[in-house]
Amino acid sequence: AATSKELSGLFERMRNYNWRIWNASKNSVRIAERRYREHLEIIAALKARDPRRAEKAARAHIHSALDDMLK
């Protein structure tokens, strides 16, 4: 089983890779605008104290970030 430290390191490497991909993308402005809207939705759900909405928004954000990285 992976330890918390190993998972944290893996997440950090993936995040750094994702930043490099995003910065090099010809669609970086569009991606940034979409990610901004996704963050606003997560914040709105948290402010509304709606855990289901917050989870759905966070999962959608992670999914779209992975899609960006894989494209």
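1. The model is a predicted one. Those buried residues of α2 are I31, R34, R35, E38, I42 and A45. They sit on the same side of α2 because their arc around the axis is only 100 degrees. An α-helix has 3.6 residues a turn, so residues three or four places apart point the same way.

2. How far apart are the end C-alpha atoms of α2? They are 28 Å apart, and this agrees with the 28 Å that 20 residues should span at 1.5 Å a residue.

3. The loop between α2 (28-47) and α3 (51-70) holds R49. The phi of R49 is positive, about 55 degrees, although R49 is not a glycine. Most residues other than glycine have a negative phi. R49 has a relative accessible area of 76%, so it counts as exposed, the cut-off being over 50%.

4. D50 is in the loop between α2 and α3 as well. Its relative accessible area is 32%, which makes D50 partly exposed. From D50 the side chain reaches the backbone nitrogen of R53, at 3.1 Å.

5. The largest pocket contains about 350 Å³ of space. Its lining has 15 residues, and those nearest the centre are F11, R15, N18, H61 and A65. Which helix supplies the largest share of this lining? It is α1, with six residues. At least two lining residues come from each of α1 (4-24), α2 and α3. Sorted by class, the lining of the largest pocket comprises 10 nonpolar, three polar and two charged residues.

6. In the second largest pocket there is about 170 Å³ of space. The residues lining the second largest pocket are I21, W22, A24, S25, N27, R30, I31, R34, S64, D67, D68 and K71. Two or more of these residues come from each of α1, α2 and α3. The class count for the lining of the second largest pocket is four nonpolar, three polar and five charged.

Methods: Residues numbered from 1 in each chain as written. Predicted model: local features only at pLDDT ≥ 70, side-chain atom pairs only at ≥ 80, totals over all residues. Heavy atoms only, no water. Helix = DSSP H or I, 4+ residues; strand = E, 2+ residues; numbered from the N terminus. Buried < 20%, exposed > 50% of the residue type's maximum accessible area, 1.4 Å probe, protein only. Polar contact = N/O pair within 3.5 Å; in protein donor to acceptor, adjacent residues only side chain to side chain. 1 Å grid on protein atoms, 1.4 Å probe; cavity = no way out; pocket = protein on both sides within 12 Å on 5 of 7 lines; lining within 4 Å. Points joined across faces, edges and corners; volume = space filled by probe spheres on them. Nonpolar A, V, L, I, M, F, W, Y, C, P; charged D, E, K, R; others polar. Expected span 1.5 Å × (residues − 1). Arc of directions from axis to C-beta.
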